[in-house]
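This report goes through one protein model, part by part. Please look at the sequence and the structure first, then read on.

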Amino acid sequence: MKENPTRSLPGIPVTLALLALMLAMAWLAVASIKPVHPAPLITAIVVFVAAFIALCGLYMVEPNQAAVLSLFGRYVGTVKDSGLRWNNPFYTKRKVSLRVRNFESGKLKVNELEGSPIEIAAVIVWEVVDSAEAVFNVDDYESFVHIQSEAALRAMATSYPYDSDDNGLISLRSHPVEISHHLQEQLTERLSAAGVNVIEARISHLAYAPEIAQAMLQRQQASAVIAARTRIVAGAVGMVEMALTDLQKNGVVELDEERKASMVSNLLVVLCSERGTQPVVNAGSLY
């Protein structure tokens with residue numbers, strides 16, 4: 001089912017013409033009573049009733065709104081011209097808003113890729129781009145959007161970890177742009193059948209579930225400490241290596257393996273103690 005634009009008549013001229021016709025028929029009916037003229041009287045009554053029924057074909061279309069017309073269950077077309085419009089009075093007219101809309105999903109409790117329970121919510125910005133699909137392809141397109149959005153959010157949340165120590169791995173917390181793009185793709189795929197276009201989808205709430213929040217906080221703090229110490233030790237080792245290389249290159253002093261090990265050990269102790277940590281491995285044991 002695809003949208004089919006159709007024409008409609010301007011409502012104000014049609015209204016004026018029908019009212020004038022009804023007044024003329026009313027005058028003709030009164031004039032035909034005395035003396036009684038059956039033919040003009042019957043004609044006036046029939047035309048008056050037909051004009052009154054024709055008034056039921058008037059309907060209002062607001063800006064950024066569409067009227068989906070159907071006749072006895074058959075789709076006729078869609079009118080997007082705003083204002084007072086007129087079509088066949090036997091058409092069924094259903095209004096569909098084409099305005100941009102948004103909503104925030106409820107906080108969903110799901111398990112992320114590593115199995116930890118998290119709370120997640122998203123803001124979805126969407127609009128109807130095909131009124132016929134929105135009306136005839138699904139029962140209630142607004143409810144369809146809400147339910148499918150939550151389903152897509154759950155599926156996306158289970159595909160990524162909450163956080164990752166690997167900078168190259170996409171996670172929910174560290175890569176919001178990539179996550180939003182993936183969520184929008186999933187929503188577009190699910191909602192295209194209802195004639196809905198997803199303009200934007202982004203995470204509005206992300207947190208560990210309350211029952212594990214404290215444990216995860218301690219884990220993050222421990223990971224941060226380990227990462228900091230690892231970087232300090234790596235920097236100290238690099239400085240020692242650079243010092244030994246410069247000493248040998250410039251011929252300042254000749255060092256045997258035992259003296260190299262002693263110097264490395266002393267330099268590591270000095271550098272790491274200045275930065276608030278100790279070398280993980282005794283450098284002298286490496287030789």
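## Terms and basis

A residue is called buried when its relative accessible area is under 20%, exposed when it is over 50%, and partly exposed in between, using a 1.4 Å probe and protein chains only. The model is predicted, so local features need pLDDT of at least 70 and side-chain atom pairs count only at pLDDT 80 or more, while totals for chains, interfaces and linings use all residues. Residues are numbered from 1 along each chain as its sequence is written, and side-chain values use heavy atoms, with hydrogens and water left out.

Helices (H or I, at least four residues) and strands (E, at least two) are DSSP runs, numbered from the N terminus.

## Helix α1

Helix α1 covers residues 11-31. The expected span of a helix is 1.5 Å times one less than its number of residues.

Which residues of α1 are buried? They are Gly11, Val14, Thr15, Leu18, Met22, Met25 and Ala29. Seen down the axis of α1, the buried residues fall within an arc of 100°, so they line one face of the helix. The arc is that of the directions from the helix axis to the C-beta atoms. On the other side of α1, the residues Ile12, Leu16, Leu23, Trp27 and Val30 are exposed.

## Helix α4

Helix α4 (residues 141-157) has 17 residues, and the distance from its first C-alpha to its last is 24 Å, close to the expected 24 Å. Its buried residues are Tyr141, Val145, Ser149, Ala152, Leu153, Met156 and Ala157. They line one face of the helix, because they fall within an arc of 135° seen down the axis of α4.

At the start of α4, a side-chain oxygen of Asp140 comes to within 3.3 Å of the backbone nitrogen of Glu142.

## Salt bridges

Side chains of opposite charge can pair when their charged atoms come close. A salt bridge is a side-chain nitrogen of Lys or Arg within 4 Å of a carboxyl oxygen of Asp or Glu. By this rule the count is seven salt bridges.

One of them joins Arg101 and Glu142, at 2.8 Å from N to O. This pair links distant parts of the chain, with Arg101 in strand β7 (residues 101-104) and Glu142 in helix α4, 41 residues apart. Arg101 is buried at 19% relative accessibility, whereas Glu142 is partly exposed at 36%. Another salt bridge is formed by Asp81 and Arg85 (4.0 Å, N to O). Asp81 is partly exposed at 40%, and Arg85 is buried at 12%.

Glu133 is found in helix α3 (residues 131-136). Is Glu133 buried or exposed? With a relative accessible area of 8%, Glu133 is buried.

A polar contact is a pair of N or O atoms within 3.5 Å; within protein, one must be able to donate a hydrogen and the other to accept it, and residues adjacent in sequence count only if both atoms are side-chain atoms. The side chain of Glu133 has such a contact with the side chain of Lys2, at 2.8 Å. A polar atom of the Glu133 side chain also lies 3.3 Å from the backbone nitrogen of Gly195.
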